[in-house]
Amino acid sequence: MKNVSVVVLAAGIGTRMISSISKVMHNLSGKPIIRWVIDSVLSINPNIVVVVVNRANSNIIKKLLSDTNVKFVYQKEQLGSADAAMKAEKILKNKSDYILIVNGDTPLIDKIILNSLINKTIKTNSSLTLLSSILRNPYGYGRIIKKNGILKNIVEEVNATEKEKEINEINSGIYCFDKNVWNYLKNVKQNNIKKEYYLTDVIPILKKKKKKISLFVYNKYETIGINTRIDLLNAERELKIKKIYNLINSGVNIIDINNVYISNDAKIGKDTIIYPGVFIDIGVSIGEKCVIKGYSYLINSKIGYNNTIIYSYIEGSIIKNKVTVGPFAHIRHGTVLSENVKIGNFSEIKNSKVKEKSKINHLSYIGDSKIGKNVNIGAGTITCNYDGKKKNKTIIGQKSFIGSNVNLVAPIKIGENVFIAAGSTVTKNVPSNKFTISRPKQKIKQKK
Ligand code: UD1
Ligand code: CA
């Protein structure tokens, strides 16, 4: 394989998005558009990657890509895609045999497409291979104009005649050039309608120089370019359908595919059932044979096998196996629920470890706690973990029974096999095997 460098164009303003956020920073299935592009580009192991950014989006894009070693150049004035690409010349000139130029708003291009484009350029000895696609609705894209089956030109939507607008083959905005790309781009003239330097105007220049141009036609949704929120919606839909079919084909039972959201990075084991209304956000893995009922929301969590989750909100947590959560439970960051734990309705668990077979079944708040095995937390029990300044810990030993409506004022340590009477407010540590009660004695008096 010859050595290839890449230019990613991300300095456009993205006016059609109607947004104060840079277009390429919009989220697509858990990742900003530009991150999708960069991840794909890096997957082919290029020599150097240069991202062309603008003044408004440079900081945020640099931060997003700080874990990569891509380079950045500025395009201060938005003078078009050819002008943007030229900004990379100072870094890339004489550095690589081939230069891929990739629109930063085409998030779903993958390794296969990029490698095919490079291979075709090498095999056919072309100076340019461009990716094209035949679309049912080509609106907005540059049209591929051919004469006798040979590429003649690319005409942008705004420049196209009515007849040209009927052409369904479009330019996908992914190009593989030979190393002389800078000489070709330098000759692009300002286009007279939008006053921009169109990268696509390089075609007649190459033709004049008698250079060979090839087309690589790829008719799948992966070539979709995001200009508007509708484009983003379409990309999201395509990704989602692909993801859901992959999951179904790997043994997951999704009852209503039109009524779930499953992030592209989700991992779900076979024989797990996903009910309608479930929202699986980024960073979630779910093991085999789980039942996830609507309307649960899961994010950044690891769920083992044989769990049942009903109408609950789970974030940043680990749920081991054979656990029941919900309905209406809130499992918050830092929580680990061990095997056979039961968390019932209207219970909130935050940053707590709950060991095997313990139960928190009704209306509880458990925060910053360690709860041993086989503990029963009665209805309405809360840990008073916050003293107005800091969060304090509650520790409860195994086999303890905490009656209903108990206040555990942290920091506090409850030993093993302790019994706390219902309604108690507990402020002192309780040693193992003790009974404690702390509530006003009930009086019965004659009615006045
Ligand atoms: C472009 C192509 C069009 C193709 C389509 C595919 C041109 C002239 N047209 O149109 O043929 O069908 O992509 O999706 O290239 N950019 C800059 N600086 C600029 C202008 C643009 O960096 O001054 C970047 C944008 O951030 C974007 C890319 O270049 O990533 C393409 O620009 P955009 O305005 O989206 O072009 P399209 O109209 O989509
Ligand atoms: Ca575009």
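Reader: How many cavities of 30 Å³ or more does the structure hold?
Author: This is a predicted model, where local features need pLDDT of at least 70, side-chain atom pairs count only at pLDDT 80 or more, and totals for chains, interfaces and linings use all residues; side-chain values use heavy atoms, without hydrogens and water. On a 1 Å grid over the protein atoms alone, a cavity is a set of points where a 1.4 Å probe fits but cannot get out, whereas a pocket is an open set with protein on both sides within 12 Å along at least five of seven lines. The number of cavities of 30 Å³ or more is one.

Reader: Which element gives the largest share of the lining of the largest cavity?
Author: Lining residues have an atom within 4 Å of a grid point, and for the largest cavity they are S29, E236, L239, K240, K243, Y261, I262 and N264. Residues are numbered from 1 along each chain as its sequence is written, while chains are lettered from A and ligands numbered from 1 in the order in which they are written. Helices (H or I, at least four residues) and strands (E, at least two) are DSSP runs numbered from the N terminus; α9 (229–249) and β13 (261–262) each supply at least two lining residues. The largest share, four residues, comes from α9.

Reader: What is the volume of the second largest pocket?
Author: Its lining has 15 residues, with W36, L108, L239, K242 and N264 nearest the centre. Two or more of the lining residues come from each of α1 (33–42) and α9. A volume is the space filled by probe spheres set on the grid points, which are joined across faces, edges and corners. For the second largest pocket it is about 250 Å³.

Reader: How many charged residues are in the lining of the second largest pocket?
Author: Asp, Glu, Lys and Arg count as charged; Ala, Val, Leu, Ile, Met, Phe, Trp, Tyr, Cys and Pro as nonpolar; the others, Gly among them, as polar. The lining has six nonpolar and three polar residues. Its charged residues number six.

Reader: How much of the accessible area of ligand 1 does the protein cover?
Author: An oxygen atom of ligand 1 is 2.9 Å from a side-chain N or O atom of N103, and one is 2.9 Å from a polar backbone atom of A11; a polar contact is a pair of N or O atoms within 3.5 Å. On its own, ligand 1 has 750 Å² of accessible area, a value from the Shrake-Rupley method with a 1.4 Å probe.

Reader: Is V155 buried or exposed?
Author: V155 is found in strand β9 (residues 150–155). Buried means under 20% relative accessible area, exposed over 50%, and partly exposed in between (1.4 Å probe, protein chains only). Because its relative accessible area is 10%, V155 is buried.

Reader: Is A56 buried or exposed?
Author: A56 is found in the loop between β4 (49–53) and α2 (58–64). Because its relative accessibility is 75%, A56 counts as exposed.

Reader: How far apart in space are A56 and K391?
Author: In sequence, A56 and K391 are 335 residues apart. In space, C-alpha to C-alpha, they are separated by 40 Å.

Methods:
Polar contact = N/O pair within 3.5 Å; in protein donor to acceptor, adjacent residues only side chain to side chain.
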